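Here is a set of exercises to work through with the model open beside you. Try each task yourself before you read its solution.

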Amino acid sequence: MSHHSNVIKAPFLGLPLLKAIQADPLAAATRLQHQCGDVAELDILFRRIVYFFAPEAVRKILVDHHDDFEREARLLRIFESFQGRNVLTTEGADWERQRRLLTPAFSPKRMCGYMALMQAAIDHCVGQELPADSGQSTSIDVDAFTTRITMDVILRTLFSHASSREETRQASVAIRALSRQSMREVYWALVPPAWFPYPGRAEKMRHLKTLRDLIAAHVDARLQRRGEGQTEADPADGDVLDMMLAAGDATARLSTQEVLDNCMLLFGAGFDTSASALTWWIGLMATHPEVMSELRTEVDAAFADNLDLAAVARLPLLNATIKEAMRIYPPSTALFTRVAKRHLEIAGTAVRKGTLVVAPIWQMHRNERYFANPESFDPGRFLPDAPPIPRGAFMPFGAGPRFCLGQQFASVEIALIAAHLVRHFELDLASGDELPQPFVDLALKPKTPMKVSFLRRNRA
Ligand code: HEM
């Protein structure tokens, strides 16, 4: 087993390398991969960090050896300072209980109930943001549009609340500022105590208050209604908050604080990644008219037959385009790390206790061993008759016990929004064929604004 050539010499305690990773984590990891191949080991501030670029190794960490790894404690503390103690920021028994209590709210069965709420959000936001008459077109900032629509989806499904434009605008300003601040804090050598006047603290507190007030108003109103005996007849008809409040039994429940903290998480996690996925999907469709026209045939036929949203969400080419967009532009690439709880060996590399291991999704999704011409957009890779994708080679939602709780939710939501856009609009990238460069803004976002013109189709 060779470890010799995988260790990167990082002078000055690795600080220049840390700076390079912070400035551009995607490019930095790609450079490490070119230097080292499947495994890159480096030391930053006396800490061993190992990048595993091979999907088999990443699956070993996340799935087979999940018990031998944990989330990095300082990362959890940073996230906790933003969101409190929820299913993302806890470990061990606390996490297990929260995950178990939240899972029913995100089961495939529940999705059917949420689809009507999602479709209402789509109709509402498209009506506000895009032209209503056939032949009319508007050029819009794609990420602002996808953020508006996915935020309305999460507010309707979490709280049965139809949001206004102003409300989602304010919340997205707060979320962007908080995402940037959390990415900054991740690279600090120390996690400052909550009271310490660290850079950005005053702004962070102000934006957090905006979000907490928004979330708390919904939770308080619901608790009050329930206190007055006006409970839903059947929580199975309700929203995510109803499911959370009804979850559990005498032995295990979510406390009111836990309900609030998980709402903070689900609100943020629930739209930012989906918005990112949709932004890149729209960009790719706007630059691949031949795929768009095939997709139009599939979607128009589905809507001609019936208006069964569940069937729309399962359309093969539609889903293949969405998966392929998430392969090339994985919405959640940052901070996908674990810490080893004991000494062990992963794919021939010795991993010592305390080592930080990194799962570099961006590079995994571009591995030529598994994806021929990895940079090219080819939804055929994900069609049902294509050879199956090897396990671990494609994991936009993670893997193992801590895989994304919202995977079904996001998949259905993205499919419904995408189908609606295909059915009603033709897309054209304002700046020609070149999509903006991506950058890691917690979620993967366009570095410069992505402008696309939406032309309302003639009614099919
Ligand atoms: C395209 C959209 C999405 C992507 C790509 C995505 C990706 C991910 C990934 C990679 C993880 C695992 C991180 C790790 O293991 O370190 C994760 C966890 C999580 N996601 Fe998502 N996510 C998406 C949408 C959503 C939505 C819509 C929700 C909720 C409504 C959600 C809720 C969560 C939660 C609660 C966790 C933590 C699970 C745990 O630690 O047990 N996500 N997501």
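This is a predicted model: local features need pLDDT of at least 70, side-chain atom pairs count only at pLDDT 80 or more; totals for chains, interfaces and linings use all residues.

**Exercise 1. Find the protein donor of the iron atom of the ligand, and say where in the fold it is found.**

Solution. 
- The search gives a single protein donor, SG of Cys404, at 2.3 Å.
- Now place Cys404 in the fold: this residue is in the loop that runs between helix H15 (361–364) and helix H16.

**Exercise 2. Describe the shell around the ligand: how many residues surround it, which helices supply them, and how do they divide by class?**

Solution. 
- Count the neighbours first: the ligand is surrounded by 29 residues, and Trp95, Arg99, Arg338, Arg402 and Cys404 are the closest.
- Next, assign them to helices. At least two shell residues come from each of H5 (92–102), H11 (256–286) and H16 (407–424).
- H11 is the top contributor, with 6 residues.
- Finally, sort by class: the shell holds 19 nonpolar, 6 polar and 4 charged residues.

**Exercise 3. Which arginine side chains have an N or O atom by an oxygen atom of the ligand, and at what distance?**

Solution. 
- Take Arg99: an N or O atom of its side chain is 2.8 Å from a ligand oxygen.
- Arg338 also has a polar side-chain atom 2.8 Å from an oxygen atom of the ligand.
- For Arg71, the corresponding distance to a ligand oxygen is 3.3 Å.

**Exercise 4. Search the whole structure for cavities of 30 Å³ or more, and describe the largest cavity.**

Solution. 
- The search returns 2 cavities.
- By class, the lining has 34 nonpolar, 10 polar and 5 charged residues.

**Exercise 5. What lines the second largest cavity, and which element gives the most to that lining?**

Solution. 
- Its volume is about 40 Å³.
- The residues lining this cavity include Val58, Ile61, Leu62, Phe336 and Arg338.
- Two or more lining residues come from each of helix H3 (55–64), strand S5 (337–340) and strand S8 (356–358).
- H3 gives the most, with 3 residues.

Note on methods: Residues are numbered from 1 along each chain as its sequence is written. Side-chain values use heavy atoms; hydrogens and water are left out. A residue is near a molecule or strand if one of its heavy atoms lies within 4 Å of it. A polar contact is a pair of N or O atoms within 3.5 Å; within protein, one must be able to donate a hydrogen and the other to accept it, and residues adjacent in sequence count only if both atoms are side-chain atoms. Helices (H or I, at least four residues) and strands (E, at least two) are DSSP runs, numbered from the N terminus. Ala, Val, Leu, Ile, Met, Phe, Trp, Tyr, Cys and Pro count as nonpolar, Asp, Glu, Lys and Arg as charged, and the others, Gly among them, as polar. Donors are N, O and S atoms within 2.8 Å of the metal (3.2 Å for Na, K and Ca); water is not among the atoms, so sites may look incomplete. On a 1 Å grid over the protein atoms alone, a cavity is a set of points where a 1.4 Å probe fits but cannot get out, and a pocket is an open set with protein on both sides within 12 Å along at least five of seven lines; lining residues have an atom within 4 Å of a point. Grid points are joined across faces, edges and corners, and a volume is the space filled by probe spheres set on the points.
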